[in-house]
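This report describes selected local features of one protein model. Please consult the sequence and the coordinates while reading.

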Amino acid sequence: MPLAQEKRYTYADVLTWDDDTRYELYDGQPVALASPSNRHQRISFELSRQLGNYLLGRRCQAYHAPFDVQLFARESDKPWDIDTVVQPDIAVVCDESKTAGHGCKGAPDLIIEILSPSSMQYDQFIKLDLYRKAGVKEYWIVDPIKNTISVYLLEGRHYRSPVTYGADAKIPVSILEGCKIDLGLVFS
């Protein structure tokens, strides 16, 4: 839930908060993140494992939460310039200059969000729009209740209608030639 606000916050503020709570920042407004469920963690681990195995020795890198993605930041921006920061469950970044500091400055190439009751609305609507505007090439929304993954691919400045894969599918990762994720292992 959004916190009661009296002012606008920046990434510089978030970096000073030491209350062990993870936060995302939407246009200067912080949102506390709930801890993920065990099923959420297992799904995230398996997706990360498969991506990580594929990426061994390649230039793209996979990162898992907590990982601060400063979606609209430019290389020259300082923490006090940044007012939108998200923590996707998994991000794949192919431009190593974006990860030279803390987290990722700019849009990752692939973002994966796993739905949970506390984040469902953000992941399906707010983040979908933010990721589109930032230029995230591929966005996956994982539904652990339905055992499905919906894949959004950026075409120009808009996402195409999503393709939804079921629990027995092998999903091709558009940004990683030859990479396929086995959902039988993800949802086992």
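In strand 5, I90 and V92 point one way and A91 and V93 the other, and all are buried. Here buried means under 20% relative accessible area, exposed means over 50%, and partly exposed lies in between, with a 1.4 Å probe and protein chains only. Strands and helices are DSSP runs numbered from the N terminus; a strand (E) has at least two residues and a helix (H or I) at least four. In a regular strand the side chains alternate between the two faces of the sheet.

The model is predicted: local features need pLDDT of at least 70 and side-chain atom pairs count only at pLDDT 80 or more, whereas totals for chains, interfaces and linings use all residues. Residues are numbered from 1 along each chain as its sequence is written, and side-chain values use heavy atoms, with hydrogens and water left out.

**Neighbours of strand 5**

Two strands are taken to pair if DSSP finds at least two bridges between them. Strand 3 and strand 5 run antiparallel and are joined by four bridges. Strand 5 is also joined to strand 7 (residues 110-114), by three bridges, and these two strands run antiparallel as well. V92 takes part in both pairings: A62 stands opposite V92, and L110 is the bridge partner of V92 in strand 7.

**Cysteines**

A disulfide is a covalent bond between the sulfur atoms of two cysteines. The torsion about the S-S bond is about 105 degrees, so the disulfide is right-handed. C60 lies in the loop between helix 2 (38-55) and strand 3 (61-64), and C94 in the loop between strand 5 (90-93) and strand 6 (104-105), so the pair ties together parts that are 34 residues apart in sequence.

The sulfur of C104 is 10 Å from the closest cysteine sulfur, which belongs to C94, and this is too far for a bond. C179 is likewise in no disulfide, the nearest cysteine sulfur being that of C60, 10 Å away. The accessibility of these cysteines is set out below.

| Cysteine | Relative accessible area | Class |
|---|---|---|
| C60 | 7% | buried |
| C94 | 11% | buried |
| C104 | 0% | buried |
| C179 | 3% | buried |

**Aromatic rings and a charge**

Rings of Phe, Tyr and Trp (its six-membered ring) pair if their centres lie within 6.5 Å; planes under 30 degrees apart count as stacked, over 60 as edge-to-face and the rest as tilted. By this rule the count comes to seven aromatic pairs. One of them joins Y152 and Y159 in an edge-to-face arrangement, 5.9 Å centre to centre with 65 degrees between the planes. Y152 is buried at 15% relative accessibility, and Y159 is buried at 14%. Ring pairs link Y131, Y139, Y152 and Y159 into a cluster.

A charge sits over a ring if NZ of Lys or CZ of Arg is within 6 Å of the ring centre and within 35 degrees of the ring normal. The charged end of R58 sits over the ring of Y54, 4.0 Å from the ring centre.

**Backbone features in loops**

A cis peptide bond joins A65 and P66, with omega about 0 degrees. P66 is placed in the loop between strand 3 and strand 4 (69-70).

D20 is not a glycine, yet D20 has a positive phi of about 65 degrees. This residue lies in the loop between helix 1 (11-16) and strand 1 (22-26) and is exposed at 80% relative accessibility. N147, also a residue other than glycine, has a positive phi near 55 degrees. N147 is located in the loop between strand 8 (138-143) and strand 9 (148-155) and counts as partly exposed, at 23% relative accessibility.

Terms used
A disulfide is a pair of cysteine sulfur atoms within 2.5 Å.
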